[in-house]
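Here is a short briefing on surface features and charge pairs, written for someone who likes to check things in the viewer. Have the structure open and follow along.

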Amino acid sequence: MKSVIFAGILFPSFAFASANLNNHLSLGVGTQYGGLLGIKYSTTYGTDTFYIGGGLADNLDEEYGITLGWERSLNPKHSLGLLVRTKELDWEHYIYENSNLLSASPNNKSLSEFKYKGRYESYIAGSYTYFFNRYDEASLLGGISLGKSYLKTNKDGSFRDGTELKLHFGYQF
């Protein structure tokens, strides 16, 4: 289901491919790519770049993240921007009974006996990106983002937030 939603978000961007826009696909690691490892599709119009990234969020488990962002080029090699990244853990990772964490597949119990609890995390940040060539060409890139993360857990209605510094590296085709 997540891949269908992700593809649906990307298709409107593909409609602009015939317009006078500069489109790039990137592979990389970090926040702009959904988290740990992913892809990014970006559209550049003048000095503004809009992008969507998606991939594995934090580990090689079933956590996926999606990032939406905007960057403005200060000069051909430096950009500043804003981004929002979200991720949601699948419910089978967190099954609770009487506020005690159980395994994803408890023995000798039906799944209807348990409340399914999940976790939703957001990250809002400002970002800086350095392009080894130019922002509108194929290039290696690297950067940093500084922002606020928010974690909402359905278990006991808890909510956490914190300031985080994250890195991203990739190759823009």
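Let's start with Arg 134: this residue counts as partly exposed, because its relative accessibility is 31%, which lies between the 20% and 50% cut-offs. Please keep in mind that the model is predicted.

**Charge pairs around Arg 134**

- Arg 134 makes a salt bridge with Asp 136, and their closest N and O atoms are 3.0 Å apart.
- Asp 136 is partly exposed too, with a relative accessible area of 23%.
- Arg 134 also meets the side chain of Glu 137 in a salt bridge, with an N to O distance of 3.7 Å.
- Glu 137 has a relative accessible area of 37%, so this residue is likewise partly exposed.
- As background, side chains of opposite charge can pair when their charged atoms come close.

**Another pair, and the overall count**

- Glu 164 and Lys 166 join their side chains in a salt bridge at 2.9 Å, N to O.
- Is each partner buried or partly exposed? Glu 164 is partly exposed at 27% relative accessibility, whereas Lys 166 counts as buried at 18%, because buried means under 20%.
- Through shared partners, salt bridges link Arg 134, Asp 136 and Glu 137 into one network.

**The nonpolar patch**

- Which element gives the most? That is β11, with 3 residues.

**A closer look at Leu 146**

- Why does Leu 146 count as exposed? Its relative accessible area is 52%, and exposed means over 50%.

How values were computed:
Residues numbered from 1 in each chain as written. Predicted model: local features only at pLDDT ≥ 70, side-chain atom pairs only at ≥ 80, totals over all residues. Heavy atoms only, no water. Helix = DSSP H or I, 4+ residues; strand = E, 2+ residues; numbered from the N terminus. Buried < 20%, exposed > 50% of the residue type's maximum accessible area, 1.4 Å probe, protein only. Salt bridge = Lys/Arg side-chain N within 4 Å of Asp/Glu carboxyl O.
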